[in-house]
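Visitor: I would like to learn how to read helix packing and pockets from a set of coordinates. Could you take me through one case, giving the general idea before the particulars?

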Amino acid sequence: MILDAILAYLHFTSIFLLFGFLTAQVLALRGPLDARGMHAVGRMDLWYFGSAMAALLTGFLRLGLGAKGADFYLQSWPVYVKIGLVLAVGMISVYPTLAFVRWRRALDRDPAWQLPAQEQRRIRRLVMTEVHLAALIPVFAVIMSRGLGR
């Protein structure tokens with residue numbers, strides 16, 4: 001039972017961190033970005049990736065080692081919606097990550113390089129899409145954990 005509590009705590013903490021870094025990215029992308037800001041967004045993205053991996057790892061550990069057992073979750077449709085949403089968020093996040101790498105490389109080649117405003121808006125919209133889709137995951141987690149999707 002203590003292992004279940006520890007895994008739940010670590011899972012929730014990683015999810016809170018994930019949302020924190022996504023929110024920080026959205027806020028940073030709101031205004032004009034100088035070289036320092038572009039590097040900061042790239043670092044936030046690394047932390048976002050780390051927290052996402054921690055959330056996945058602890059989620060799968062909870063599935064396998066948690067008090068309810070894998071059968072409780074895997075016989076419920078909300079777990080598959082959650083997995084689909086996680087995959088969707090992950091796939092969407094690839095484009096902003098590649099953009100942050102491109103921005104850093106462009107700055108390394110030419111310190112006077114300026115980020116086109118249209119590209120920044122497009123990346124911010126994608127990150128906002130990630131936030132909104134990720135915000136649906138806890139809804140299905142609640143349904144799943146209560147056994148309502150059986």
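Visitor: How is the handedness of the crossing of H2 and H4 to be read, left-handed or right-handed?

Guide: A crossing is left-handed if the near helix is turned anticlockwise from the far one by less than a right angle, and right-handed if clockwise; in this predicted model, the crossing of H2 and H4 is left-handed. Helices here are DSSP runs (H or I, at least four residues), numbered from the N terminus. The axes, which are lines fitted to C-alpha atoms over the stretch in contact, with angles from 0 to 180 degrees between N-to-C directions, come within 10 Å for H2 and H4 and cross at roughly 150 degrees. Angles over 145 degrees count as roughly antiparallel, and H2 and H4 are therefore roughly antiparallel to each other.

Visitor: Which residues make the contact of H2 and H4?

Guide: With contact meaning heavy atoms within 4.5 Å, H2 contributes residues including Met38, Val41, Tyr48 and Leu56, while those from H4 include Val86, Phe100, Trp103 and Leu107. By class (Ala, Val, Leu, Ile, Met, Phe, Trp, Tyr, Cys and Pro are nonpolar, Asp, Glu, Lys and Arg charged, the others, Gly among them, polar), this contact has 10 nonpolar, four polar and three charged residues. Residues are numbered from 1 along each chain as its sequence is written. For this predicted model, local features need pLDDT of at least 70 and side-chain atom pairs count only at pLDDT 80 or more, whereas totals for chains, interfaces and linings use all residues, and side-chain values use heavy atoms, leaving out hydrogens and water.

Visitor: At what angle do the axes of H1 and H5 cross?

Guide: They cross at roughly 155 degrees and come within 9 Å, which makes H1 roughly antiparallel to H5, and this crossing is left-handed.

Visitor: What is the volume of the largest pocket?

Guide: Rolling a probe the size of a water molecule over the atoms shows where empty space is left. A pocket is an open set of points on a 1 Å grid over the protein atoms alone, where a 1.4 Å probe fits, with protein on both sides within 12 Å along at least five of seven lines, and lining residues have an atom within 4 Å of a point. The largest pocket has a volume of about 1,200 Å³, and of its 40 lining residues the closest to its centre are His11, Ala55, Lys82, Val86 and Ile137. H2 supplies the largest share of that lining, 12 residues, and the lining as a whole has 28 nonpolar, six polar and six charged residues.

Key. Points joined across faces, edges and corners; volume = space filled by probe spheres on them. Helix = DSSP H or I, 4+ residues; strand = E, 2+ residues; numbered from the N terminus. Parallel < 35°, antiparallel > 145°, perpendicular 65-115°, else oblique.
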